[in-house]
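This report describes one protein model together with its ligand. It begins with the ligand shell and then turns to a strand and the domains.

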Amino acid sequence: MSNLKSVLSKELAQRQQQQLYRQRQIRQSPPEPLVKINGKNYLGFCSNDYLGLAHHPEVIQAAQTAAKTYGVGASASHLILGHHQVHHELEQKLAAFTGFPRALLFCSGYMANMGVINALIGTGDRVFHDALNHASLLDGAWLSQGSSTRYPHNDLPALNTMLTTEQNYSRRLIITESVFSMDGDMADIPAIIDIATQHKAWTMIDDAHGLGVLGSHGGGIRQHLGLQPEQLDIYVGTLGKALGTQGAFVAGSDELIEWLIQRARSYIYTTALSPILAAATLTSLKIVQQDNDRRQHLQSLIAYFRQLAEAAGLPLENSLTAIQPIIFGAVETTLAAADYLASKGILVSAIRPPTVPKNTSRLRITLSAAHTKSQVEQLVEALSEIHIKSP
Ligand SMILES: Cc1ncc(COP(=O)(O)O)c(C=O)c1O
C-alpha cells in the first residue's frame, strides 16, 4: 500500500487538473459588502448575511455583554449542564417566531439536519429527497440506517409516483429546502404537504434561506405561505444566514423535540452552542422581527438586480429570492467569469460540482440588505462585460 501522503498528492493533483481544487481566501475585514483580501478591497456578493446583521452594532453589543455574563463557552453538552438560561430563552423565542410549539438548538444547520434525520430514520425506512437538497440533508440520510432516493428537482408528479410505488417502508420522510441554496427558486410546499398527507409520509422543510427573509415579519416559509404549524412535521432554521450569527434549530411538536433530546446524536454528543451566540441571536431576532425596512430594501434590490440584468441580456434563473445564480455550465468558463469580476474588484463565488450537478457550474450571486443600489449597478455592469453562452 502506498503511503498516505503519496496517495493524497496524486488525488489532489487530479482535482487541480479538473479545476475542482478548492482554496480558501483569507478575509481581513468584517462581514460587510466591502471585503478585504490580501490587502485588496472588493465588493462582495457571496454572503448569506441577507439582512446585514452579522456586523450590526446591537448584535455585537449583545455578544460582548453575554461574554461577561455567561462566559465564552457553554462548558458542557446540553444534557450535562451546558444548557444555559439564554439557550432556553432563545429556543422559546425561536418557537414563537416560527409559530411552532417547541424548538431545539443545534450548533449548526449541518448538525441539525444530521441529528434529526438520524433520530427518526432507521432500517426499513426511506427518505425522499428533492434532487437539489443540500449536502447536510443528503449526508443525514446516508448516515442513517435507512435508504434514500431523490426525485427530480421540484417534480412533484414524480414524487407522487415514487410514493405510490415505493410503499414497502415503515416510515417515509419527504425532505426539501424551502428556498434552494444554489438556485434561489422555491419548493411548492403546500403541494408537497398534500402529497405527504395522501401517502401518510412525513415532511421535513429546511428553511435555511427563507428564515428572516420570507414572511411578513421574517418568520420564514410557514408565515410566508400562511400554513398551520401542524401541517409541517419537521422545520429546520439556521442562524448563520439572515440572522447573522451561527447555529440552527429544529422546530415542531413537543413530541418531536422530546424525541430529539433523547436520540439526536449531533445534539447530545457535543458541547452546547456558545452562550454568546445564543445571546447575540436573541438580539438579531428582535431586529429581524421589528425591522421590516431591511426586508423591503432587500426585496427592492432583488427586483432592481433582475431588472438591470434582464436589460443587459444576462441569463437569469427562476429566482425571486436573494440567491441569483448565473449558470455557465462549464467549470472553466465559470472560473474565468469569477476571475474577471475579481479583476474588476467584485467577488462572486464560482460554484462547481459536486456542490451543484455536473455541467451546471455557476456564479452564485447573493444580495443583502447591506448592499446599495449603486453596488448592484456596479455588479451588473461588470457581469454584462462577460460573454455568457447558455450551457
Ligand atoms: C439548505 C441548507 N441547509 C443547511 C445548511 C447548513 O447550515 P450551517 O451553515 O448552519 O451548517 C446550509 C448552508 O450551509 C444550507 O444552505
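Sorted by class, the shell around the ligand holds three nonpolar, eight polar and two charged residues, where Ala, Val, Leu, Ile, Met, Phe, Trp, Tyr, Cys and Pro count as nonpolar, Asp, Glu, Lys and Arg as charged, and the others, Gly among them, as polar. The model is predicted, with local features needing pLDDT of at least 70 and side-chain atom pairs counting only at pLDDT 80 or more, while totals for chains, interfaces and linings use all residues. Residues are numbered from 1 along each chain as its sequence is written.

Of the 13 residues around the ligand, S108, G109, Y110, S181 and A208 come nearest (near: C-beta atom, placed from the backbone, within 6 Å). Helix α5, residues 109-120, contributes the most to this shell, with three residues; helices (H or I, at least four residues) and strands (E, at least two) are DSSP runs, numbered from the N terminus.

In strand β3 (residues 102-106), five of the five residues are buried, that is, 20 or more other C-beta atoms, placed from the backbone, lie within 10 Å of their own. The strand is covered on both faces, as the table shows.

| Side of β3 | Buried residues |
|---|---|
| One side | R102, L104 and F106 |

The domain assignment gives domain 1 (22-51 + 292-384) and domain 2 (65-290), whose C-alpha centres lie 26 Å apart.

Key:
Buried ≥ 20, exposed ≤ 12 C-beta atoms within 10 Å, placed from the backbone. Domains from an automatic or database assignment.
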